[in-house]
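Reader: I would like to learn how to read a model of a complex. Please take the features in turn, with the general idea before the case.

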Amino acid sequence: MQALPVFLILAGFVVVLLSIAFLAGRQAPGAAGVKSTEDYVLGGRRIGTIVLLLSMGATYFSTWTLLGSFGAYYRSGVWFSGFAVWTIFHGAFIWLFGTRIWLAGKKFGFITPGQMVEHYYSSTRLRVVVALVGIAALVPVMLIQVSGGARALESLTSGAVPYALGVTISSLVVGGIVLWSGFKGTAWADLFLGLFFASIMIFTAGYVLNLTGGLVLFEKVAELKPELIVNPGNPTRMLELFLGLGFGAWALPHMWQKFYSARSTDVLGKVAAATPFWNSWMMAIIPLIVGLAAIVPGVAPTVTTETSDTILPQIFAEHAPIIAAIIVAGILAAAISTINSQLLSSASLVAEDIWGRLLKREMTDKESTRITRIVVATLTVLVFALALTPGGAGHLVPVAALGFGLGLQLVPSALGMLYFKSFTEAGAFAGIIAGTLSMITIVVFGLDIGFGPGTSGFVVNLIVTIAVSAMTRKVSEETIEDYHGMFDRYMVNNVEEDVPATAVPTGGKA
Amino acid sequence: MQKFRKLIWVVMLVCLAITSLPYLGYFNGPGFIGPFPQPLAVILGANVVLTLCVLALYPLYFRPLADALDANPVTKD
């Protein structure tokens, strides 16, 4: 791939991206020194349907989608199509969990998941543990985005974009966007990145279908590699993916805060309705088509099993080198759109849930926003520095997998707040500690117990939570009424009996 | 309406179960259903139904909730 087009396209891409974030930041309430933490971290809870849909999609689908999922289909064939199923369930999870999180956030003004945990369970220690597990889950994933994206850029441009330059561009752009404009700039940047990303996906699907002669490509694959059109089994591996990347995704702090940020539940509903098309039919099915098409001779002749994670740029490097340069920008887009939300979320957890607790007093909005900005800058430098260490991404891949499993450990305590009144503070605390330690033990000692570390930790977590909750002091009746009473009034009774909306009593403190 | 709401969740769970069948060795032959390999056709078919179910959540659940919130907004404590 020629260096000049790559540099020109990358430069144009970065300029457009920073301009969008800058303009969004200027229009954000209190921009250039945002006054309210709610504005800075949650966009003032005024995010609309299109921005939220594309922001959630762009955040969820990272370099892993633009690189790894194509390779997974190339290597595993139809086995990986379960990916398309659990991404559809994200829409159902928005109703089952997202709307309840939104209601509680709206009523009590929460900024982080930890604040909700502390308020519901009356527990500072649980808030701190949830924040620590949340950060532990996000930081390695951010690091992998930066280093993985930069490594791919270096390899695809034959060194024209060196690894250090890729890391520097990603870090500077992400840090700049988040520092300047907070959630709103991040969300608008995501909108651009998401559209860019989606355009590449749709164009690629059409392009490779044209190369392979349409859906006949499956018959061609059957002739060339018949083992790829039957499912080899291994359901527990797919279950691990479903639980970690599907079921556990809503509990990760940056996704949780996106629920808080929605302007209304109607916005959440429209995002949920669009989710199957965005998450499944586009982000999961298109990689299936492209990944399998790469097996057909002439489509991607340079691809091997070892290089299958870079199918997409290799296809265009072969057929249309100028488009390959755009794909390189797309890889950067995928990385940036994922890290920016994770960076802002991690910073808010450190500022609100950890630093705020150390102060032992409520911070003012100005203090909180200032601390969040300092943490954003610190984390950006930390991720940048870690990405430049000799180990680079390679040694951290298992840590990133651990990150997704750690996110799953946040689910039982969240289920207590959203559904299960019987879950107690002691139960949730013991569960998250036991689950996290279990999965770390399994990973460190390389134990094979039939299920993956995330799933095993989750099962232990759930059992310990239930068992300890049965023996310990319940959450107060007033709190139960504040949360579960509110959910019942608005979400259960309202639809169970088809009562008119005007008949829903406000009740409680609302 | 209430029965329809329950039916949606039952259908979603059934579809989820169906998509697991190829992983357990069922509907996993080398043949084709239309242009798609059998296990993929099963998953894509279930995906179409799941898509319709998720679309139905908006009028069945989100719209009534939005109406309830319009009538009685949640106020910040």
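Reader: How is confidence read, and what mean pLDDT do chain A and chain B have?

Author: Where pLDDT is low, the predicted coordinates should not be read in detail. Chain A has a mean pLDDT of 86, with 92% of its residues at 70 or more. For chain B the mean is 94, and 100% of its residues reach 70 or more. The complex as a whole is given an ipTM of 0.96 and a pTM of 0.90 by the predictor.

Reader: Where in chain A is confidence lowest and highest among the helices?

Author: Helix α17 (residues 397-408) of chain A has the lowest confidence, at a mean of 73, while helix α18 (residues 411-418) of chain A has the highest, at 97. Residues 505-510 of chain A stay under 50 in pLDDT, and the model has 14 contacts beyond four places in sequence for them.

Reader: Next, the interface. How many residues of chain A are in contact with chain B, and which elements give two or more of them?

Author: An interface can be read by counting residues, then by element, then by class. Here 49 residues of chain A are in contact with 43 residues of chain B. On the chain A side, the elements that give two or more residues are α5 (82-108), α9 (217-224), α10 (235-247), α12 (265-282) and α21 (477-496) of chain A. The largest share, 12 residues, comes from α5(A). By class, this side of chain A has 27 nonpolar, 15 polar and 7 charged residues.

Reader: How is the length of a helix read, for instance in α2 of chain B?

Author: The end-to-end distance is set against the span expected for the number of residues. Helix α2 (residues 38-71) of chain B has 34 residues and reaches 50 Å from its first C-alpha to its last, close to the 50 Å expected. In α2(B) there is also a kink of about 35 degrees at B:F62, shortly before the proline B:P64.

Reader: Is A:G71 buried or exposed?

Author: Burial is read by counting C-beta neighbours, and 20 or more within 10 Å make a residue buried. A:G71 counts as buried because 23 C-beta neighbours lie inside 10 Å. This glycine is found in helix α4 (residues 63-76) of chain A. Beyond four places in sequence, A:G71 is in contact with A:G291, A:S308, A:D309 and A:I311.

Reader: How many residues does the largest nonpolar core have, and which have the most contacts inside it?

Author: It has 198 residues, and those with the most contacts inside it are A:A272, A:L292, A:A294, A:V328 and A:L332. Leaving out residues up to four places away in sequence, A:L292 touches A:Y73, A:G77, A:L217, A:F218, A:V221 and A:L228.

Reader: How many residues of α6 in chain A are buried, and what follows that helix?

Author: Helix α6 (residues 113-121) of chain A is mostly covered, with 8 of its 9 residues buried. Among them are A:Q115, A:E118 and A:Y120. A:S122 follows α6(A), and its phi is positive, near 50 degrees. A:S122 is exposed, because 12 other C-beta atoms lie within 10 Å and 12 or fewer count as exposed.

Reader: What is the phi of A:N234, and where is this residue found?

Author: A:N234 has a positive phi of about 55 degrees although it is not a glycine. This residue is found in the loop between α9 and α10 of chain A. A:N234 is exposed, with 12 other C-beta atoms within 10 Å.

Conventions: Residues are numbered from 1 along each chain as its sequence is written. Chains are lettered from A and ligands numbered from 1 in the order in which they are written. This is a predicted model: local features need pLDDT of at least 70, side-chain atom pairs count only at pLDDT 80 or more; totals for chains, interfaces and linings use all residues. Two residues are in contact if their C-beta atoms, placed from the backbone, lie within 7 Å. Helices (H or I, at least four residues) and strands (E, at least two) are DSSP runs, numbered from the N terminus. Ala, Val, Leu, Ile, Met, Phe, Trp, Tyr, Cys and Pro count as nonpolar, Asp, Glu, Lys and Arg as charged, and the others, Gly among them, as polar. The expected span of a helix is 1.5 Å times one less than its number of residues. The bend at a residue is the angle between axes fitted to the seven residues ending there and the seven starting there. A nonpolar core is a set of buried Ala, Val, Leu, Ile, Met, Phe, Trp, Tyr and Cys residues joined through C-beta atoms within 7 Å. pLDDT is the predictor's confidence in each residue, from 0 to 100.
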